[in-house]
Amino acid sequence: MTDFAALRRRFPVLERKTYLNSGSYCALADSVRDAINAYLDDRLQVGANWDVWVTKNEAVRRAMAAVLRAAPDEIAVTASASAGLNALASAFDFRSPRNKVVVSDFEFPTNAQIWHAQEPRGARIVHVPRTADGDIPLERFASLIDEQTQLVAVTHVCFRNGARLDIPGIVRLAHARGARVLLDCYQAVGGLTVDVRKLDVDFAVGGMLKYLLGTAGIGFLYVRESLIPTLTPIHSGWFAQEDIFAMDITANRPAPNARRFEAGTPPVVNCYAAEAGLKLILEVGTGTIEERVRALTRRCMMGLESIGWPSVTPAADERRGPMVCVPARETARLCAALMEQDIVTSFRDNNIRATVHFYNSEDDIDRFIAALKSSRARHRPAADPHAP
């Protein structure tokens with residue numbers, strides 16, 4: 001039996017705050033704090049500790065591969081999700097008839113903007129629209145993915161409403177029509193089990209500052225092993241080379257593995273933090289975490305129903321990520337009012353976002369619901385929350 005109370009004590013901020021904001025920036029674990037301090041100690045005592053720094057970068061690669069059920073050679077350690085996406089996009093050729101990129105209207109701006117940035121190179125970007133009730137059913141993808149589609153780039157969990165797309169269904173559609181699939185799992189990985197083998201995605205991207213318990217300034221890109229030799233990114237750097245220390249300025253010789261999608265000097269201090277966060281995820285176990293997150297989000301959904309304040313997040317467990325989104329009037333004011341009560345949330349559009357992790361408790365959820373109940377008169381919307 002997992003001792004969640006003991007795990008909770010490893011996050012000092014939880015002694016003072018009801019922290020429901022992992023979808024923006026996770027709570028800081030004691031082991032992650034200690035790892036950052038270890039980097040500072042190394043800098044003070046040794047100075048330039050290159051051997052250790054390279055080892056840390058490789059440790060992050062191995063741990064991230066374990067979380068995704070991938071091979072280490074399929075993982076690039078990047079400065080951000082955007083950096084990984086840009087490197088990947090630079091490797092695509094859009095001059096053929098198969099020049100279409102399908103994205104959904106659930107995407108975080110990065111996963112649409114970067115593909116739109118390829119339009120001068122010949123890419124044709126098509127958006128899959130949501131329905132009036134805020135969903136994107138599989139048939140909407142089926143009507144747009146065709147033999148001209150090179151890539152389907154989709155989020156796992158929508159950052160606006162917490163809805164989870166049917167990734168296996170989308171992958172089946174795309175592969176049947178010869179297209180590849182990129183999964184943006186930033187709002188899922190660490191809070192849900194993301195198994196790239198079972199999902200059968202070709203690429204996956206994310207970062208360490210949310211549910212992976214690390215910090216900003218470091219991310220990852222997964223590339224299916226069989227595809228790596230077929231993709232040579234134009235975005236490159238010395239850590240993307242086959243031999244990092246060759247210092248060869250006469251040619252670009254990309255690494256034979258996913259490291260070819262990296263660039264310059266790795267984000268060293270962030271590697272210390274990311275390794276510690278990933279170790280904690282693996283220690284608890286992604287299956288255990290997903291079960292805990294599902295129970296807490298379900299409790300939140302039921303609590304909202306009990307106070308007559310419905311969520312825009314799907315009620316079905318399999319359609320929901322680690323996020324519950326609550327429609328509200330004056331969301332910025334409500335978010336600030338919650339903060340005054342030491343309840344940390346965030347907001348996007350007209351929704352308050354409560355994002356949970358294994359370190360949250362039932363009391364956290366109940367406190368959030370009680371605070372919303374007391375603010376119903378001012379902030380509960382009168383209109384249909386699902387209306388676009």
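On a 1 Å grid over the protein atoms alone, a cavity is a set of points where a 1.4 Å probe fits but cannot get out, and its lining residues have an atom within 4 Å of a point. R164, L192, E290, V293, R294, T297, D317, R320 and G321 line the largest cavity here. The model is predicted, so local features need pLDDT of at least 70 and side-chain atom pairs count only at pLDDT 80 or more, while totals for chains, interfaces and linings use all residues. Residues are numbered from 1 along each chain as its sequence is written, and side-chain values use heavy atoms, with hydrogens and water left out.

Stay with the cavity. Its space is about 50 Å³, where a volume is the space filled by probe spheres set on grid points joined across faces, edges and corners. One cavity of 30 Å³ or more is counted. What classes of residue line the largest cavity? Five are charged, two are polar and two are nonpolar. Here Ala, Val, Leu, Ile, Met, Phe, Trp, Tyr, Cys and Pro count as nonpolar, Asp, Glu, Lys and Arg as charged, and the others, Gly among them, as polar.

E290 sits in helix α10. Helices (H or I, at least four residues) and strands (E, at least two) are DSSP runs, numbered from the N terminus. Is E290 buried or exposed? E290 counts as buried because its relative accessibility is 11%; buried means under 20% relative accessible area, exposed over 50%, and partly exposed in between (1.4 Å probe, protein chains only). Leaving aside neighbours within four places in sequence, E290 is in contact (heavy atoms within 4.5 Å) with R164, G191, L192 and T193. The C-alpha atoms of E290 and V189 are 9.7 Å apart, though 101 residues separate them along the chain.

Next, follow the helix itself. α10 covers residues 286–306, 21 residues in total. From first C-alpha to last it reaches 30 Å, close to the expected 30 Å; the expected span is 1.5 Å times one less than the number of residues. Its buried residues include I289, V293, L296, C300 and L304. An α-helix has 3.6 residues a turn, so residues three or four places apart point the same way. The buried residues of α10 pack against α1, α9, β9 and α12. Just after α10, G308 takes a positive phi of about 70 degrees.

The loop between α10 and β9 holds T313. T313 is buried because its relative accessible area is 4%. Beyond four places in sequence, T313 touches N161, G162, M301, R320, M323, V324 and C325.

What about the nonpolar cores? A nonpolar core is a set of buried Ala, Val, Leu, Ile, Met, Phe, Trp, Tyr and Cys residues joined through side-chain atoms within 4.5 Å. The largest has 96 residues, and M64, L68, F358 and F368 touch the most other members. Helix α9 gives the most to this core, with 10 residues. Apart from it lies another core of 29 residues, among them V103, A153, L221 and F261.

End with A179, in the loop between α7 and β6. A179 is buried because its relative accessible area is 3%. Its contacts beyond four places in sequence include R98, T149, Q150 and D202. A179 and D349 lie 170 residues apart in sequence and 32 Å apart in space, C-alpha to C-alpha.

Technical notes. On a 1 Å grid over the protein atoms alone, a cavity is a set of points where a 1.4 Å probe fits but cannot get out, and a pocket is an open set with protein on both sides within 12 Å along at least five of seven lines; lining residues have an atom within 4 Å of a point.
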